[in-house]
Amino acid sequence: MQDYFVHESSYVDDDVEIGKGTKIWHFSHILKGAKIGENCSLGQNVNIGNNVTIGNGCKIQNNVSVYEGVTIDDYVFCGPSMVFTNDLTPRAKYPKGPSGYLHTHLRTGASVGANATIVCGIELGRWCMIASGAVVTKNVKNYALMSGVPATQMGWICECGNILKDGLTCTKCGRKYAENEGGLEEIL
């Protein structure tokens, strides 16, 4: 007996791992070799490519395709219709296949807004937030708030989702941060 839910309209290929408590909704397809963690929610019309790894507690909203070459850590949010790429110079006549894909990594807690585009070959830092409609073309620091085309850093954001203003202490939850080379780090 499986301990996860797959809607009857969805397809799950052989050789797929799906964690306990995960829900896969209407018209989705999980391809061979994919690994999906526990307590994830995959919305309507989600495609998870071959050999993609998704951590625990992730939410992938409607109409998102997670292509081969993308790795998603725990508690990542992918907003409706956001886009991943995996080839910087695609040609229909000259497909490169998996050996030509560039790796993209979303670190723990990263959030990507609706209709944003994540260009391949980059890393999104822990607990960063990408605004809706942004086009991310380079690495993003931990806790960075990014927006625009191309995306630029507009400030910092707390793990709880509150924008950090007037210093690096959250006015909502009280977390405190210090800036370092990789972005922010929580002071415990």
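Trainee: What places asparagine 115 in a loop?

Mentor: Asparagine 115 is found between strand 16 (111–112) and strand 17 (117–118). Strands are DSSP runs of E with at least two residues, helices are runs of H or I with at least four, and both are numbered from the N terminus. Asparagine 115 also has a positive phi of about 60 degrees, although it is not a glycine. The model is predicted, which is why local features need pLDDT of at least 70 and side-chain atom pairs pLDDT 80 or more, while totals for chains, interfaces and linings use all residues. Residues are numbered from 1 along each chain as its sequence is written, and side-chain values use heavy atoms, leaving out hydrogens and water.

Trainee: How many helices and strands does the protein chain hold?

Mentor: The protein chain has zero helices and 25 strands.

Trainee: Why is the chain said to be as compact as a globular protein of its length?

Mentor: The radius of gyration, taken over C-alpha atoms, is set against the globule rule, 2.2 Å times the number of residues to the power 0.38. The value for the protein chain is 17 Å, close to the 16 Å that the rule gives for 188 residues, so the chain is as compact as a globular protein of that length. Along the principal axes, its C-alpha atoms fill a box of roughly 50 × 45 × 25 Å.

Trainee: What makes strand 6 and strand 9 a pair?

Mentor: Two strands pair if DSSP finds at least two bridges between them. Strand 6 (residues 35–36) and strand 9 (residues 53–54) have two bridges, in the parallel sense, and isoleucine 36 stands opposite isoleucine 54 in strand 9. Both strands belong to an open parallel sheet of six strands in the order 3-6-9-12-15-18.

Trainee: Why are strand 3 and strand 18 said to stand at the edges?

Mentor: Strand 3 (17–18) and strand 18 (123–124) each have a single partner strand, so one side of each is left without a neighbour in the sheet.

Trainee: Which strands form the open sheet of four?

Mentor: Its order is 2-5-8-11, again with parallel pairing. Strand 2 (11–12) and strand 11 (65–66) are its edge strands, each pairing on one side only. Inside this sheet, two bridges join strand 5 (residues 29–30) to strand 8, where asparagine 47 is the bridge partner of histidine 29.

Trainee: In which sense do strand 21 and strand 22 run?

Mentor: They run antiparallel, joined by four bridges, with serine 147 opposite threonine 152. Four residues lie between the strands of this hairpin, where glycine 148 takes a positive phi near 100 degrees. The peptide bond from valine 149 to proline 150 is cis, with omega near -10 degrees, and proline 150 lies in the loop between the two strands.

Trainee: Which residues does glutamine 44 touch?

Mentor: Contact means heavy atoms within 4.5 Å. Leaving aside residues up to four places away in sequence, glutamine 44 touches Trp25, His26, Phe27, Ser28, Asn62 and Asn63. Phenylalanine 27 is 17 residues away in sequence and 5.9 Å away in space, C-alpha to C-alpha.

Trainee: What makes a group of residues a nonpolar core?

Mentor: Its members are buried Ala, Val, Leu, Ile, Met, Phe, Trp, Tyr and Cys residues joined through side-chain atoms within 4.5 Å. The largest such core has 45 residues, and Ile72 and Phe84 are among those with the most contacts inside it. Strand 12 (70–72) and strand 21 (144–147) each supply at least two of its residues.

Terms used
Buried means under 20% relative accessible area, exposed over 50%, partly exposed in between (1.4 Å probe, protein chains only).
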